[in-house]
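Thanks for asking for a second pair of eyes on this one. Please have a look at the sequence and the structure first, and then read my comments alongside them.

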Amino acid sequence: MSKEVSFSAELLCLLEENPLRSSETLAKLLGREAAEVEQEIARLEKEKVILAYKAIVDDEKAQRRTVKAVIEVKLVPERGGGFDRLAQRIARYSEVTSCFLMSGGYDLLVFLEGSTLQEVARFVSEKLATLHGVTSTATHFMLRTYKEQGILVGEAVDTSRLSISP
Amino acid sequence: MSGSAMQPAPDPQADKILPFLPSGESWIARHVRDLPRSGIRDFFDLVQSMEGIVSLGIGEPGESTFWNIREQAIFALESGKTGYTSNLGLLRLRQAISGYMERLTGVCYDPEGEILVTVGVSEALDCALRAIINPGDHVLYADPSYVAYSPSVLLAHGVPIGIPTRFEEEFQLRAEAVAQRAKPGVKALLLNSPANPTGAMVDEGELEKIASLSEREDWVVLSDEIYAELTYEKRHRSIASFPGMKERTVVLNGLSKAFAMTGFRLGWACGPAPLIAAMVKIHQYSMLCAPILSQEAGIEALEHGATQIESMRRSYRRKRNYLWRSLTAMGFPCHRPEGAFYLFPSILPFHLSSQEFAFRLLQEARVAVVPGTAFGSSGEGYLRCSFSPRMGDLEEAVARMNRWMRANFRKGACPTAGD
């Protein structure tokens with residue numbers, strides 16, 4: 001028997017899976033009316049529970065030449081504000097695609113994107129490393145993507161089934 | 001495969017007729033020669049010959065087996081686990097099955113003598129039938145039913161007796177209908193809840209009455225519970241969990257459906273030790289053991305698969321809702337099934353037979369469904385539509401059916417084109 005999951009939680013799962021489904025299809029999947037679904041999506045968007053809808057792209061197939069890097073950043077926490085003020089300041093740079101506070105050997109994990117290796121290296125050495133409160137950075141360039149946000153990249157798997165089976 | 005098919009009485013002239021059969025036919029045993037081809041097989045051949053078909057005809061999960069289970073099979077292969085196992089199956093797997101069955105049904109089975117690991121539920125059913133049937137014994141089952149029930153009984157030299165179930169009763173097997181067939185000669189009752197092809201679940205109250213009836217009539221109950229994990233509104237109840245029933249019930253289950261492991265061919269039978277011992281006799285001389293790689297993968301599935309099953313169940317529930325609402329909106333009278341992954345809509349308003357409807361849907365809309373008659377004579381007037389395919393395929397099938405229905409039928413009207 002299926003465990004009860006709230007309408008919002010199920011709707012969010014379906015939108016994360018595929019945001020392009022019509023409200024009619026979502027309503028059929030959830031056993032609701034299309035108007036209810038539209039209303040709930042509007043609420044989730046307004047309250048910023050849903051931040052954005054984005055496509056996940058295979059950069060190799062799209063022939064993108066972007067350079068991606070992951071930076072481990074160590075910070076000096078501020079009295080009263082901890083890491084938040086500095087982390088938010090770093091996150092605002094357009095080169096930064098994701099930024100997470102971490103436990104363990106470093107404090108922030110920063111994902112960067114640039115058009116060349118030099119551009120990324122310059123950002124780290126000239127912007128990130130020079131910020132007051134940043135004590136060290138370790139930069140790792142990404143070489144290849146195998147899985148992106150739960151989606152396998154570049155793997156053609158034959159999952160075909162017999163058209164008719166008992 | 002008529003639902004109420006009776007085994008033909010031995011024909012004393014039959015052996016004299018044999019020499020006139022086409023070459024080779026005379027070598028075939030009579031009961032095999034007389035066995036009808038599966039209706040699903042004929043339709044499969046037709047579908048395979050066509051391009052660009054979207055299929056709602058699959059009787060298995062549309063997704064691959066979870067990676068951790070596949071990886072465990074690979075690791076077992078790399079580790080050189082390529083030999084036979086005990087006839088009963090790996091002890092660790094039987095222990096895992098015992099724990100799993102207790103969680104699922106509340107019934108405890110001894111891994112040492114009450115569990116037999118088989119090559120899918122199909123082999124478990126075959127062994128169980130051959131272990132209990134003397135030639136001419138009758139076996140009751142609901143009609144429509146899984147395609148193999150009637151032929152398996154016939155191959156075991158038994159007599160299959162189909163009990164028609166009705167749309168008006170949501171295709172539920174009723175104790176009263178079973179009681180009407182309680183006659184001398186009946187040896188066993190074959191249950192399947194949730195059911196293929198209807199998705200029907202036997203109500204707990206009815207199940208209790210059927211249990212009492214089985215005890216009174218001294219029947220063996222073979223309970224195919226392969227869809228027990230896939231229920232959407234209420235928990236599965238095994239007939240073996242009623243007082244006194246474990247002693248006369250063989251529960252058949254496996255990993256094909258809930259764990260998406262159809263190709264691994266791994267099932268099991270749980271029951272009283274003397275019955276399991278009899279089944280082992282057959283199993284050891286025919287199959288010997290289930291493949292060791294599948295057994296190793298099965299341990300991983302049973303020990304670490306609970307979260308994955310829950311996510312699959314939720315996904316099936318949503319897809320059931322989607323297909324059910326789509327089909328009813330098109331004008332198909334249809335119950336919302338409580339379990340398994342099939343809808344069994346009626347096509348009576350459209351004045352075509354199951355075969356004709358399925359054939360035209362295939363030819364004209366390029367959507368494959370299975371005619372209800374493939375599952376027994378009570379399946380006439382219905383189609384089996386699986387909601388196990390991936391969501392993209394379901395959406396495409398619904399879009400095609402919608403267009404075709406609009407072009408050919410008004411709700412409840414006769415065909416307007418292509419006839």
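The numbered points below go through confidence, the interface, the helix packing, the annotated domains and some backbone details.

1. Please keep in mind that this is a predicted model. For the complex, the predictor reports an ipTM of 0.83 together with a pTM of 0.89. Chain B has a mean pLDDT of 92, and 92% of its residues are at 70 or more.

2. On to the interface. Contacts between the chains involve 33 residues of chain B and 16 residues of chain A. On the chain B side, the elements that supply two or more residues are α3 (39-48) and α12 (306-330). Which of the elements gives the largest share? That is α12(B), with 9 residues. Sorted by class, the side of chain B that touches chain A holds 13 nonpolar, 9 polar and 11 charged residues.

3. In chain A, look at how helix α2 (residues 23-30) meets helix α3 (residues 34-46): their axes come within 8 Å and cross at roughly 105°. An angle of 65 to 115 degrees counts as roughly perpendicular, and α2(A) and α3(A) are therefore roughly perpendicular to each other. From α2(A), the contact uses A:Ser23, A:Glu24, A:Leu26, A:Ala27 and A:Leu30, while α3(A) brings A:Ala34, A:Glu36, A:Val37 and A:Glu38. By class, the residues of this contact are 5 nonpolar, 1 polar and 3 charged.

4. Helix α3(A) also packs against helix α1 (residues 7-17) of chain A, at an angle of about 85° and with the axes 11 Å apart. That angle makes α1(A) roughly perpendicular to α3(A). Here A:Phe7, A:Ser8 and A:Leu11 of α1(A) meet A:Val37, A:Glu40 and A:Leu44 of α3(A). The contact of α1(A) with α3(A) has 4 nonpolar, 1 polar and 1 charged residues. Note that A:Val37 takes part in the contact with α2(A) and in the contact with α1(A).

5. Is A:Gln118 buried or exposed? A:Gln118 sits in helix α5 (residues 117-128) of chain A. With 10 other C-beta atoms within 10 Å, A:Gln118 is exposed, since 12 or fewer such neighbours count as exposed. A:Gln118 and A:Val67 are 51 residues apart in sequence, yet their C-alpha atoms are 9.4 Å apart in space.

6. Two annotations come from unreviewed UniProt entries. For chain A, UniProt places "domain: Transcription regulator AsnC/Lrp ligand binding" at residues 71-145. In the model, that span is 27% helix and 35% strand, and its end C-alpha atoms lie 17 Å apart. For chain B, UniProt places "domain: Aminotransferase class I/classII large" at residues 53-400. This stretch of chain B is 41% helix and 14% strand, with its end C-alpha atoms 10 Å apart.

7. The bond from B:Ser193 to B:Pro194 is cis, with omega near -5°. Another cis peptide bond joins B:Asn196 and B:Pro197, with omega about 20°. B:Pro194 is in the loop between β5 (186-192) and α9 (204-217) of chain B, and B:Pro197 is likewise in the loop between β5 and α9.

8. Positive phi values turn up too. B:His157, not a glycine, has a phi of about 65° and lies in the loop between α7 (149-155) and β4 (159-164) of chain B. B:His157 counts as partly exposed because it has 15 C-beta neighbours inside 10 Å. B:Asp218, also not a glycine, has a positive phi of about 60° and lies in the loop between α9 and β6 (220-224) of chain B. B:Asp218 is exposed, with 9 other C-beta atoms within 10 Å.

Definitions and conventions
Residues numbered from 1 in each chain as written. Chains lettered and ligands numbered in written order. Predicted model: local features only at pLDDT ≥ 70, side-chain atom pairs only at ≥ 80, totals over all residues. Contact = placed C-beta atoms within 7 Å. Helix = DSSP H or I, 4+ residues; strand = E, 2+ residues; numbered from the N terminus. Nonpolar A, V, L, I, M, F, W, Y, C, P; charged D, E, K, R; others polar. Axes fitted to C-alpha atoms, helices over the stretch in contact; angles between N-to-C directions. Parallel < 35°, antiparallel > 145°, perpendicular 65-115°, else oblique. pLDDT = per-residue confidence, 0-100. Buried ≥ 20, exposed ≤ 12 C-beta atoms within 10 Å, placed from the backbone. UniProt positions renumbered as here; feature names shortened; annotations may be inferred.
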